[in-house]
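Take a moment to turn the model on your screen and find your bearings.

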2 protein chains.
Amino acid sequence: MSPDALPLRLEALPLRLEALVFDAYGTLFDVHSVMRRCEAFFPGRHVALSQLWRSKQLEYTWLRSLMRRYAPFSTVTREALAHACEALRLELTVERMEALMAEYNMLSTFPEVPKALGSLGGVKKAILSNGSPDMLEPLVAHSGLELDAVISVDEVKVFKPAPQVYELAPKKLGVAKEKIGFVSSNCWDALGAKSFGFAVFWINRARAPLERLGFTPDRVVERLDEILL
Amino acid sequence: MSPDALPLRLEALPLRLEALVFDAYGTLFDVHSVMRRCEAFFPGRHVALSQLWRSKQLEYTWLRSLMRRYAPFSTVTREALAHACEALRLELTVERMEALMAEYNMLSTFPEVPKALGSLGGVKKAILSNGSPDMLEPLVAHSGLELDAVISVDEVKVFKPAPQVYELAPKKLGVAKEKIGFVSSNCWDALGAKSFGFAVFWINRARAPLERLGFTPDRVVERLDEILL
């Protein structure tokens with residue numbers, strides 16, 4: 001074990017981890033600004049549109065992965081938006097689609113994120129995201145976050161929660177999976193990572209009930225900075 | 001080609017098919033009676049519960065398939081119901097869960113189904129379903145439908161739309177996939193079958209917009225008996 005390994009509390013037990021790997025969308029980055037832009041384009045419909053867009057976006061990542069018809073997250077996100085607008089009978093122009101997609105490249109981090117990440121000394125830090133490089137590169141550059149790696153599922157051409165995706169982190173970071181803590185606000189992503197073999201923190205920002213997939217997170221918190229407590 | 005092959009119209013072109021393979025839930029069998037029982041147990045909440053239960057049921061099949069943590073559809077369906085009730089703050093007793101699961105074993109077919117299937121002479125007919133054998137066997141027996149095969153994904157321990165699932169049909173029926181017509185009311189299932197290589201009919205009972213997954217059905221109808229027209 002590295003002498004710099006960081007003590008993090010997982011339930012009652014402290015566990016020495018050598019790397020922390022974070023999901024991006026909804027975990028480090030707040031997608032609220034995309035919702036705000038939806039409201040500007042489609043007054044009064046932004047909640048319905050944001051929810052359907054997000055659920056189709058995830059659904060299409062899972063379906064394409066199972067069909068073995070991977071397409072980059074930027075493509076899937078556009079296709080999900082087009083379907084959601086059609087289902088809700090909202091007129092989606094090319095300009096609106098591009099303006100909404102552009103928001104994804106300059107999302108804000110959640111308020112506690114920069115300080116929390118800055119205080120995590122002694123461990124490697126990385127992002128592991130469904131996002132394609134064309135989305136993640138401008139996003140991370142815009143955020144100013146300092147990370148040891150920004151890893152995209154695009155390298156393995158399949159989306160989360162396939163184990164090949166989580167396998168990228170130990171490979172890229174040179175750290176055994178048992179020494180990696182994985183942090184996600186998406187419960188299904190946290191459980192996929194747990195199934196793979198990481199120690200897992202679920203940031204349950206929305207106080208949602210646990211997904212029932214045969215696994216439980218090692219620790220549940222409501223904000224990123226609580227994983228240090 | 002078999003001399004008995006059935007002419008079916010796919011868009012403008014008639015195509016000679018040697019087998020028709022049907023999805024079960026929502027395609028041949030109407031899940032309305034499960035919704036009715038939800039209403040009896042949770043007055044005024046059956047629409048919300050039925051929708052969330054169904055969406056979690058599908059989500060869990062996709063997630064478990066990607067995680068390589070297959071569990072039988074009966075288990076997944078129970079887990080999805082438990083999550084949906086927790087999310088909606090509805091009290092689910094063991095008795096209620098078992099009563100709702102029992103409804104699945106005696107679903108009615110849609111009104112046009114028995115006659116439509118009876119008139120499809122000259123082709124093999126089969127069900128290919130996510131349902132586990134413990135769910136499909138009583139369901140098909142109760143329906144009285146005459147089929148050449150009832151195929152469950154349980155044999156390959158992965159759910160639709162993985163190609164290994166669709167591959168079961170040509171294997172079991174001894175018919176090349178190009179000679180098989182696949183019929184589903186679930187658009188994503190129809191497109192998974194199309195990606196695999198079947199000729200595909202989407203029964204769009206709900207007049208929903210097409211899912212955007214890089215494929216289109218060969219023909220879209222609103223009722224099962226229209227595939228004969």
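The buried residues of H8(A) are Cys187(A), Trp188(A), Asp189(A), Ala190(A), Leu191(A), Gly192(A), Ala193(A), Ser195(A) and Phe196(A). Here "buried" means under 20% relative accessible area, while exposed is over 50% and partly exposed lies in between, using a 1.4 Å probe and protein chains only. Helices (H or I, at least four residues) and strands (E, at least two) are DSSP runs, numbered from the N terminus.

Before going further, a word on the ground rules. This is a predicted model, in which local features need pLDDT of at least 70 and side-chain atom pairs count only at pLDDT 80 or more, while totals for chains, interfaces and linings use all residues. Residues are numbered from 1 along each chain as its sequence is written, chains are lettered from A and ligands numbered from 1 in the order in which they are written, and side-chain values use heavy atoms, leaving out hydrogens and water.

What covers the buried residues of H8(A)? The cover includes helix H2 (46-67), helix H7 (163-173), strand S8 (180-184) and strand S9 (199-203) of chain A, together with helix H2 (46-67) of chain B. Just after H8(A) comes Gly197(A), with a positive phi of about 130°.

Now step back to chain A, which is divided into domain 1 (3-30 + 108-228) and domain 2 (31-103); such bounds come from an automatic or database domain assignment. The C-alpha centres of these two domains of chain A lie 24 Å apart. Their contact (heavy atoms within 4.5 Å) takes 17 residues from domain 1 of chain A and 16 residues from domain 2 of chain A. Between domain 1 and domain 2 of chain A, about 1300 Å² is buried, with carbon and sulfur atoms giving 64%. Buried area is the accessible area (1.4 Å probe) that two parts lose on being put together, summed over both.

Next, find Ser132(B), in the loop between strand S6 (124-129) and helix H6 (133-143) of chain B. Is Ser132(B) buried or exposed? Ser132(B) is buried, because its relative accessible area is 1%. Its side chain makes a polar contact with the side chain of Asp134(B) at 2.6 Å. A polar contact is a pair of N or O atoms within 3.5 Å; within protein, one must be able to donate a hydrogen and the other to accept it, and residues adjacent in sequence count only if both atoms are side-chain atoms. Leaving aside neighbours within four places in sequence, Ser132(B) is in contact with Pro72(B), Phe73(B), Ser74(B) and Ser152(B).

Finally, look at where the chains meet: 32 residues of chain B are in contact with 32 residues of chain A. The area buried between chain B and chain A is about 3100 Å², of which carbon and sulfur atoms give 65%. In chain B, Leu66(B), Met67(B) and Arg212(B) lose the most area to chain A, together 25% of what that side buries. The count between chain B and chain A is 4 salt bridges, each a side-chain nitrogen of Lys or Arg within 4 Å of a carboxyl oxygen of Asp or Glu. Lys56(B) and Glu211(A) meet through their side chains in a salt bridge (2.8 Å, N to O).
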